[in-house]
Amino acid sequence: MTSRLRLSIVGSIALLCLGGTAAGQAQQGDMTFFITSAGSGNGADLGGLAGADKICQMLAQGAGAGGKTWHAYLRTQGPGAVNARDRMGRGPWQNAKGVVIAKDVVELHGRNNVTKETALTEKGEVVKGRGNTPNMHDTLTGPQPDGTAFAAGEDRTGGNWTKSSQGSAMVGHHDRQGLRDDDASKSWNSSHPSRGPDGGCSQNDLKSTGGNGLFYCFATK
């Protein structure tokens, strides 16, 4: 093989790789839903709702989708409480591969298309779930299945996403699997409260039940 031909082949491969990368970034630019590839690293303490939104925006920016307004799918409680379903915009929402997971808020909280294969990170990667090591299917959320609040006095938001020790945060299963064959185990947004030896909200607590402090992000517009 001549040097000129070898250089030509290498150049062609490089162009194909660059083209594939550009295509992937263009598709991620149309993304309106993802699971964070990382949490705060401090359990359920996300810096409050504003801190969680900032993480969504930062990760989206890194993936080429920072031109949209991103909100974390989280509920708060107490004075000025916000329902998770009320801060997502109108939809539809699609993942980094262009797959639609729900066309509107009603479908999102009904027969949606959130599965292990579709609930991708902002990088377009699958998050490990039940059966994988480590299992990271527990996704921080906070609400009841319809996206609204629990009864007053029941901490299901890790102190409005500011606690990293004592407390409790509701989680969903992005892979729709659990220990039982029931609706809670298959719920993407309201499966069970966090718990663990540190009090329920630490990073170790979240890992102990199959999580890693990840959460859903939606583009509101």
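Predicted model: local features only at pLDDT ≥ 70, side-chain atom pairs only at ≥ 80, totals over all residues.
How many aromatic pairs does a search of the whole structure find? I got eight.

**Entry 1: the ring pairs**

I started with Tyr73 and Tyr216. Their ring centres sit 6.3 Å apart with the planes at 85°, so I logged the pair as edge-to-face. Tyr73 is in the loop between S2 and strand S3 (93-94), while Tyr216 is in strand S8, so this pair ties together parts 143 residues apart in sequence. I checked burial too, and both Tyr73 and Tyr216 come out buried.

Next I looked up Trp93 and Phe218. Here the ring centres are 5.3 Å apart and the planes are at 85°, so this pair is edge-to-face. Trp93 belongs to strand S3 and Phe218 to strand S8, so the pair ties together parts that are 125 residues apart in sequence. Trp93 is buried, and Phe218 is buried as well.

**Entry 2: strand S8**

Tyr216 and Phe218 had both sent me to S8, so I went through that strand. Is S8 buried or exposed? Nine of the nine residues of S8 (residues 211-219) are buried, so the strand is largely enclosed by the rest of the structure.

I then listed strands that pair with S8:

- Strand S1 (residues 33-35) pairs with S8 in the antiparallel sense over three bridges, and Ile35 has Tyr216 as its bridge partner there.
- Strand S2 (residues 70-72) also runs antiparallel to S8, joined by three bridges; His71 is bridged to Phe218.
- Strand S5 (residues 138-140) is parallel to S8, with two bridges, and Leu140 has Phe215 as its partner.

So Tyr216 turns up in a ring pair with Tyr73 and as the bridge partner of Ile35. Phe218 does likewise, with Trp93 for the ring pair and His71 for the bridge.

**Entry 3: a charge over a ring**

I also looked at Arg156. It lies over the face of Phe150, at 5.8 Å from the ring centre.

**Entry 4: the whole protein**

Last, I stepped back. I count five helices and eight strands, and along the sequence they follow the pattern α-β-α-β-β-β-α-β-α-β-β-α-β. Of the 221 residues, 45% are buried. For contacts between residues at least 6 apart in sequence, 65% join residues at least 24 apart. The accessible surface is about 10,500 Å², and carbon and sulfur atoms account for 54% of that.

Terms used: Residues numbered from 1 in each chain as written. Heavy atoms only, no water. Buried < 20%, exposed > 50% of the residue type's maximum accessible area, 1.4 Å probe, protein only. Helix = DSSP H or I, 4+ residues; strand = E, 2+ residues; numbered from the N terminus. Pairing = 2+ DSSP bridges. Contact = heavy atoms within 4.5 Å. Areas by Shrake-Rupley, 256 points an atom, 1.4 Å probe, with all protein chains shown as cover. Phe/Tyr/Trp six-rings, centres within 6.5 Å; stacked < 30°, edge-to-face > 60°. Lys NZ or Arg CZ within 6 Å of the ring centre and 35° of its normal.
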